[in-house]
Amino acid sequence: MIGDVRQKYSRMATITETRYVLAVHNLKASAAYYGDILGFTITECCDPGWLFFNKDNCHIMVGECPDAMPAKDTQAHSYFAYMVVADIDSYYQIVSSKGAELIKPIKDESWGMREFGVRTPDGHRIMFGAPIK
């Protein structure tokens, strides 16, 4: 069955890039977190209340929505990304030394990834991983 599905959809358009869209309660706090702790570049958008966070091939569009349900209230569904990074141990040291809230310390997993997780000030969770060599 899986082979049939793959064949059916293999002719669809190629995804060339991914971008995430997040609602946050405090745009300034989120920009500080993504910029100062995770190392993203912050770019103003054409619309007030929106910022773009960019790092390498990752792009996150963030809108200030003070009345939206906090991501932390969605419990396990607050994960929005799994980002594969080079030199995960160095990145972990930088992020943890800058005060990121770690929800999972760095660890080798049985599925062949070395990974750690963080929670943003709005409660969004991100997992960072790298293949174990």
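**Close-up 1. The salt bridge between Asp73 and Lys72 in the predicted model.** Asp73 pairs with Lys72 in this predicted structure, and the closest N and O atoms of the two residues lie 3.6 Å apart. Asp73 has a relative accessibility of 41% and is therefore classed as partly exposed.

**Close-up 2. The salt bridge between Glu101 and Arg119.** The closest N and O atoms of Glu101 and Arg119 are separated by 2.9 Å. This pair links distant parts of the chain, with Glu101 in strand 6 (residues 101–108) and Arg119 in strand 7 (residues 113–119), 18 residues apart. Glu101 is partly exposed, its relative accessible area being 40%, and Arg119 is likewise partly exposed, with a relative accessible area of 26%.

**Close-up 3. The salt bridge between Lys104 and Glu115.** Lys104 and Glu115 form a salt bridge in which the closest N and O atoms are 2.6 Å apart. Because Lys104 lies in strand 6 and Glu115 in strand 7, the pair ties together parts that are eleven residues apart in sequence. Both Lys104 and Glu115 are buried, that is, each has under 20% relative accessible area.

**Close-up 4. A salt-bridge network of Asp89, Asp108 and Arg114.**

Notes
Residues are numbered from 1 along each chain as its sequence is written. This is a predicted model: local features need pLDDT of at least 70, side-chain atom pairs count only at pLDDT 80 or more; totals for chains, interfaces and linings use all residues. Side-chain values use heavy atoms; hydrogens and water are left out. A salt bridge is a side-chain nitrogen of Lys or Arg within 4 Å of a carboxyl oxygen of Asp or Glu. Buried means under 20% relative accessible area, exposed over 50%, partly exposed in between (1.4 Å probe, protein chains only). Helices (H or I, at least four residues) and strands (E, at least two) are DSSP runs, numbered from the N terminus.
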